[in-house]
Amino acid sequence: MASLYISPHLDDFRSLMALVAAEFCPSRPCTLIEDPPASLALCSRPSLVLGSGGGEVLSGASAVAWYLASQGKRIGSNAKQESQVWQWLSFADNELCPVLCSHAEMMRVLNVLDKNLEPRTFLVGNSLTLADIAVATAALLPFKYALEPSNRRTLTNVTRWFLTCVNQPQFVKVLGQISLCEKMVPVTPKPSIAPVPATEAQLKKEAKNREKLEKFQQKKKMEEKKKQEKKLAKPEKKDLEVISYDVPTPPGEKKDVLSPLPDSYSPQYVEAAWYSWWEKQGYFKPEYGVRLVSVSRIPLHLGHALTNAIQDCLTRWHRMRGETTLWNPGCDHAGIATQVVVEKKLMRERGLSRHDLGRDQFIQEVWKWKNEGGDRIYHQLKKLGSSLDWDRACFTMDPKLSNAVQEAFIRLHEDGVIYRSKRLVNWSCTLNSAISDIEVDKKELTGRTLLPVPGYKDKVEFGVLISFSYKIEGSDEEVIVATTRIETMLGDSAVAVHHADPRYQHLKGKMVLHPFCDRMMPIVFDEFVDINFGTGAVKITPAHDHNDYEVGNRHNLAFINILDENGLLINVPAPFLVQYTPTTSSPVLNVSVFLLPSHSKDIVEPLLKPQWYVDCADMGKQAADSVREGRLKIIPDHHHKTWFNWLDNIRDWCISRQLWWGHRIPAYFVTVNDPSVTPGEDMDGHYWVSGRTGEEARDKAAKRFNVSTDKITLRQDEDVLDTWFSSGIFPFSIFGWPNEDLSVFYPGTLLETGHDILFFWVARMVMMGLKLTGKLPFKEVYLHAVVRDAHGRKMSKSLGNVIDPLDVITGISLEGLYTQLQDCNLEPVEVEKAKQGQQSDYPTGIPECGTDALRFTLCAYTSQGRDINMDVNRILGYRNFCNKLWNAVKFAMRTLGGNFVPSEKRVRRWILSRLCTAVGLCNAGFQAYDFPAITTAIYNFWLYELCDIYLVSLFVYSGSQSQAVVCRQTLFTCLETGLRLLAPIMPFVGEELYQRLPRRRSQDDRSSIHVTPYPETEVTVRRCLWWSSSLQIQTLSLSQTIQPIPATGAVPEGCAVAIASDRCTVHLMLKGLIDLEKEVAKLTMKKGELEKTMDKLRKKMDKSDYKEKVLVKVQDLDVEKLRQSQTELEKATEAIDNYKRMV
């Protein structure tokens, strides 16, 4: 038998920890307080002697407690939990115990503990472990002597957890009943002991430390002083100048372009008047194009600035290429979201619910709200420069689209694709409606968690695992089960165990007795049960759990519904029937994995309800195959895996919603007034018919039941269709399907949208298009990333980080942002939280950035395969780029002169080769949807090549008159082509500056930049730098002379070498002027770096999974980088050889 030696001190936490741990042991050690035998040589207590007569010895509190707790299986269930237990042991010993003498420090540490315990019942896992034993025994002294009631109120989670621990039987055996502190008794300090005089060496050391500290403090003061001086010397930033366009211009008339350009760029000036003129001129019409090539269509949701920036860029690019391009605006009715918003608005402003108004009047209120909100959406789109064909604008509740929705339902119902069934659905008790599987957020809890629930004043406890037992019929034996939803035990109809579990083989065919409902329930054997979880036995509630529903069907169990549509208990014994009130503080809601509707944020209850479903098996297979076979292209292709995974495992789609706003289902329940026909039930699809009118439905019903129409009574379904049903047929419903010809614009070419609605919308459009028209609705799907805030958080009104594009375009003060929050449907607590977020992110508000800068930023951010962290400062940076464009064009126009006439003659210069490269990169970028490549090419050409090199060289140019003419013609070509290059991304500044340029004769009829041809690289400019730009290179490099060396020519001896790139090498004549050994060392170092780079690349490319895991685009870049590095290495080697010959 083991012996445990402990300290005689009653409050020694280390000994108490070991004693409590020992209580959990199957074989408890003998506890001893006397001194151990000298032969054991124990140096600390507690110590544990294993075996009798002095066996193996464990010494130290942590080692002893760990051994004892491990015997009682209290150290965690896996390696991760064991590590967490060790962390808490260290916390108790090294962080909590040392601060018990300082009340302030102790409270600080306990507050940390309190935060950790907020979502948990115990420190590690779902049961008590050594972590709880160690920290609870360490916290014993504070709770007994120092923590007064006021302190405990601030430490609610710690107090709850501590009382849970010390009331466990094992704790009570060791500690007895604990009395908590009511008032802290001050400790009388002991008389001070005279300090021991320091030695001479200690005094010297202290003096040296003081000297170091003084020097350090002086240094800090000097640094601070320099910072302040630098801050004072730094000139204050000027506010961005806002210039207005004040020339009276009626809407639709062309803007005045004869008056001089303002001194600086101002979005308010540049963006005025252009949009209405473009619209009136018909530039957004598909008929304006030259030839019919493709159709580009927008997604249904129009509120997203990123979506519209990308779509408009693509639309304008296709249009400038002469392709007939349609961008069709549309808006869905957003059934759930809209109804929630309007209901909250009604309650807040008038204190009314939708039921107070009635269905018809409530729908009128929704239409009123929609008309107000819809106008704002369209205003946003126009401010963003979206070149939409507004004459084709449509809304899913419009008559044309509503007829298409009705027709789609009826055809699918007649084909048997839509059917009626009673199944388990996700039910929102707040909305009183079914919710789709993909419209709920799954939340997993690791332990006890307090969460807000609509309708309850206080937060509700979730995630607590509760165990209870069912008694076996005719026996004293019990089966223990555990659940986090204890209330659902009232609807249990069986207990399930695994068929291979040896513990329960003797219970085959047995029944258990329900303790409250006088119900006998079978014990069923099913593979669904995890043999290693808990006791290996689980309760089965088929009517309120999706997994249990499947088990119930397999074993023909009873489906007992115990919840109504409001989440209240029904069909249960009287003591459990509790009346709901909004102030109820502790409802019975304990779940560890639960679902939250995306819109209402209440708790989803699985309920058995008859609903309408779409059979998706065949349609899902066709949609998946269209991508597998290459008929539909999804970009970027890493979304393929998600696409296939969802469609290959697709479940039938519940399309009915118990709402008032939406398309009412054109289905009718049939009652036959004939005794020969058996009355039907709501869930029986045979008693439901669909029809375009009541008369058509009546005729169908009479035919089905073989009776006259006067014996038929119809009741139309009150439910509406899921919004995504009408959105799914949007690509062809907008063109008048099924009544009008679709051949002109259907199918389309491109769908551009966010990857977050791949299943909600994209997959359903593909399925519905194939089913109802036999064609894919589009050939390509480009999925952009999700926009997040600068900190990487998802946009949320409650966080205050939702950025309205109009606020970025026009600018807004912090107070203006606060005012907008008052118009949102946020609770007062959420408003305050949002204000704090806005104060942190935009302390001075958002400056005016303009549409062009916003669009350019969004395109520059859109890297395929990652989310976008949107920083307003980055947008401001691109506003400055617009100003650079502005100033460059102004300077260039002065250089050209007032009498300049553009020539048709093509001038071949170096700058044109750079322009040609930029044109090629932009066209390739548009074709590959590589928007960062487009913005980078435009930015680099304008800023680094045109402004920094070519315009600067014009300052120092002093050639002949004929050469000056050549320079001006070249400059004009760069300006005019460069503006056309950026016009799809920056439409306003592109138009404003283009209108100020003279025209070539071939473009006299081009009234707008947006109907000019987009630049193409038909002729590649390849000229030697010597012939095209020798003067500029000589000037900019401060060289006396420059000489070209042909590719096959010999390099003069005595030259230093600089490798500019794999295509360009500079040789500088330095013979007799430099240290050759130094140059060789430099090149050798460069050579070594190149060899390392190449070796690293080769290793990366030689990996077995490189071809499968790395994107094709990245593989191409790696190959090109390896080639460039090889070329540079060869040049470096050659240069080293040249230097060595000079020595």
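Before anything else, a term: a residue is called exposed when its relative accessible area, computed with a 1.4 Å probe on protein chains only, is over 50%. Please also keep in mind that what you see is a predicted model.

With that cut-off in hand, let me begin with Asn 706, which sits in the loop between helix H21, residues 694-705, and strand S26, residues 712-716. Its phi is positive, at about 60 degrees, although Asn 706 is not a glycine. Is Asn 706 buried or exposed? Its relative accessibility is 71%, and because exposed means over 50%, Asn 706 counts as exposed.

Let me turn to Asn 556, which is found in the loop between helix H18, residues 546-555, and strand S19, residues 593-597. Asn 556 is likewise a residue other than glycine with a positive phi, in this case near 55 degrees. The relative accessibility of Asn 556 is 72%, so this residue, too, counts as exposed.

My last topic is peptide bond geometry. Where is Pro 738 placed? Pro 738 belongs to the loop that runs between helix H23, residues 730-733, and strand S28, residues 750-754, and the bond joining Trp 737 to Pro 738 is a cis peptide bond, with omega at about 5 degrees. The loop between H23 and S28 also holds Pro 747, and there the peptide bond from Tyr 746 to Pro 747 is cis as well, its omega being near 0 degrees.

Terms used
Residues numbered from 1 in each chain as written. Predicted model: local features only at pLDDT ≥ 70, side-chain atom pairs only at ≥ 80, totals over all residues. Heavy atoms only, no water. Helix = DSSP H or I, 4+ residues; strand = E, 2+ residues; numbered from the N terminus. Buried < 20%, exposed > 50% of the residue type's maximum accessible area, 1.4 Å probe, protein only.
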